[in-house]
Amino acid sequence: MSDEQIKQETGLSREDHENRNQFNELPKGKIKPSEDKTIWTDDDGRPWKLNAEPNAAYHQPYPVPIAFIRAHLGEFIPYLKVPNLKFISPNADGKYSEIVANRYTGELIIEQKIMGTFNLATDAPDAMTDGKLPTTGEHNLLDVIPHNKYGGGYKHIAVGVETGSIEKGPIVLAHLEEES
């Protein structure tokens, strides 16, 4: 499928897709869990919703089907847990910033193909409750399909941070979970 056909289908050009992360906001300081273990907050009090591990399958160092299976099995067999945790947080415009961090080191994942990506969808009013963006509607059209068809050649990690400008992601998790 050509870039023009993808743009006709999604309304999003390759350039817009690959530059989406210029709007992706990072947490201020480190995020830490609150009483609700699925809501973490940064140093400014901004909430970041921890997504269920199967919903982070695109952000693992394994093929998506393997990551999805490991995410489910990891609930029962701890050594099979996926290494990366995914968090989303609403921006002022109703779109969602997204970060992915290594659960063991707390480090922000900056690898192009699996890092967190800014979500252009605005049709997810329950995302912070549900812990995921919907798999249909705008999220599918503006975020999932472009990633699957254009690929993960993102030009930015986040606002003001171009891909390749840092060698290692900063530590963004203040509290690393205890492994059993």
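P54 is in contact (heavy atoms within 4.5 Å) with F68, A71 and H72, leaving aside its neighbours within four places in sequence. This is a predicted model, in which local features need pLDDT of at least 70 and side-chain atom pairs count only at pLDDT 80 or more, whereas totals for chains, interfaces and linings use all residues. Residues are numbered from 1 along each chain as its sequence is written, and side-chain values use heavy atoms, with hydrogens and water left out.

- P54 lies in the loop between β3 and α3 (64-73); helices (H or I, at least four residues) and strands (E, at least two) are DSSP runs, numbered from the N terminus.
- P54 counts as buried because its relative accessibility is 13%, where buried means under 20% relative accessible area, exposed over 50% and partly exposed in between (1.4 Å probe, protein chains only).
- Between P54 and G74 there are 20 residues in sequence and 9.9 Å in space, C-alpha to C-alpha.

**Surroundings of N119**

- N119 is placed in the loop between β5 (96-102) and α4 (127-130), and this residue is buried because its relative accessibility is 3%.
- Not counting residues up to four places away in sequence, N119 touches R20, K95, Y96, E98, L133, H139 and D143.
- The side chains of N119 and E98 are joined by a polar contact of 2.9 Å; such a contact is a pair of N or O atoms within 3.5 Å, and within protein one must be able to donate a hydrogen and the other to accept it, while residues adjacent in sequence count only if both atoms are side-chain atoms.
- The backbone oxygen of T117 is reached by the side chain of N119 at 3.2 Å.
- N119 and G94 are separated by 25 residues in sequence and by 9.7 Å in space, C-alpha to C-alpha.

**Sheet**

- An open sheet is formed by five strands in the order β1-β2-β3-β4-β5, with antiparallel pairing; two strands pair if DSSP finds at least two bridges between them.
- At the edges are β1 (32-33) and β5, each of which pairs on one side only.
- Strands β2 (residues 39-41) and β3 (residues 47-50) run antiparallel and are joined by three bridges.
- Within β3, W48 is the bridge partner of W40, and P47 is the bridge partner of T41.
- The hairpin of β2 and β3 has five residues between the strands, and G45 takes a positive phi near 85° there.
- Two bridges connect β3 with the antiparallel strand β4 (residues 84-90), where F87 is the bridge partner of L50.

**Pocket and cavity**

- On a 1 Å grid over the protein atoms alone, a cavity is a set of points where a 1.4 Å probe fits but cannot get out, a pocket is an open set with protein on both sides within 12 Å along at least five of seven lines, and lining residues have an atom within 4 Å of a point.
- The largest pocket has a volume of about 470 Å³, a volume being the space filled by probe spheres set on the grid points, which are joined across faces, edges and corners.
- Its lining comprises 26 residues, of which N55, Y58, K86, H139 and V144 lie nearest the centre.
- Helix α5 (residues 137-150) supplies the largest share of the pocket lining, five residues.
- The largest cavity holds about 30 Å³ of space, and its lining includes E98, I99 and V100.
- Strand β5 gives the largest share of the cavity lining, three residues.
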